[in-house]
Amino acid sequence: MTLLAGCSVGPDFHRPNAPATESYTITQLPEKTASAPGAGGNEQRFIIGQEISAQWWTLFQSEALDQLIQKALKHSPTLAAAKGALLEAQENWRAQAGTLFPSVDANASASRQKISGASFGQPGGFALTLYN
């Protein structure tokens, strides 16, 4: 009962105000990055408050990345399909992980064989019963 009482926020709960801040960093960010030698090493500029395209990956101008994103969108066009694919992958992992644990098996059998004594130089014969 004490645990349940501790989970309640009560009728007089008021949501606190969001912190009054304009950036996520303590110090001001530089206006641009340093440049580096080589392909794609040009300096980059930070533009605060600019809208980012819904197709943000096109900003990298990478054909390989564009193809990968298009393939992913084609195979998971909806959130429900993506959730289904994740659930399928999780269940496949569980099925494969089950082979790592010990297993128990049981089997019982009985067999009877009659052997002729003539093959051993004995008259008559004898019978063998094998239980597994």
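Reader: Is Gln61 buried or exposed, and what decides the matter?

Author: The general idea is a set of cut-offs: a residue is buried under 20% relative accessible area, exposed over 50%, and partly exposed in between, with a 1.4 Å probe and protein chains only. Gln61 counts as exposed because its relative accessible area is 74%. This is a predicted model, in which local features need pLDDT of at least 70, side-chain atom pairs count only at pLDDT 80 or more, and totals for chains, interfaces and linings use all residues. Residues are numbered from 1 along each chain as its sequence is written, and side-chain values use heavy atoms, with hydrogens and water left out.

Reader: Where is Gln61 placed, and what is its phi?

Author: Gln61 belongs to the loop between H1 and H2. Although Gln61 is not a glycine, its phi is positive, at about 50°.

Reader: Which helices and strands does the chain have?

Author: Helices (H or I, at least four residues) and strands (E, at least two) are DSSP runs, numbered from the N terminus. The chain has 3 helices and 2 strands, and along the sequence they follow the pattern α-α-α-β-β.

Reader: How is the length of helix H2 to be read?

Author: The expected span of a helix is 1.5 Å times one less than its number of residues. Helix H2, residues 63-75, has 13 residues and reaches 18 Å from its first C-alpha to its last, close to the expected 18 Å. H2 is also hardly covered, for the count of buried residues among its 13 residues is 1. His75 lies in this helix and counts as exposed because its relative accessible area is 56%. From His75 to Ala85, 10 residues apart along the chain, the C-alpha separation is 9.4 Å.

Reader: Which other residues of the loop between H1 and H2 can be considered?

Author: Arg15 is in that loop, as is Glu51, with helix H1 spanning 2-7. Arg15 is classed as exposed because its relative accessible area is 73%.

Reader: How does one judge the overall form of the chain?

Author: For 132 residues a compact globule would have a value near 14 Å, but the chain has 37 Å. Along the principal axes, its C-alpha atoms fill a box of roughly 110 × 60 × 30 Å. Buried residues make up 5% of the 132 residues. A contact means heavy atoms within 4.5 Å; of the contacts with a separation of 6 or more, 4% are between residues 24 or more positions apart.

Reader: What is the volume of the largest pocket, and which residues line it?

Author: Rolling a probe the size of a water molecule over the atoms shows where empty space is left. On a 1 Å grid over the protein atoms alone, using a 1.4 Å probe, a pocket is an open set of points with protein on both sides within 12 Å along at least five of seven lines, and lining residues have an atom within 4 Å of a point. The largest pocket holds about 240 Å³, and its lining includes Arg45, Phe46, Glu51 and Leu59.

Note on methods
Grid points are joined across faces, edges and corners, and a volume is the space filled by probe spheres set on the points. The radius of gyration is taken over C-alpha atoms; the globule rule is 2.2 Å times the number of residues to the power 0.38.
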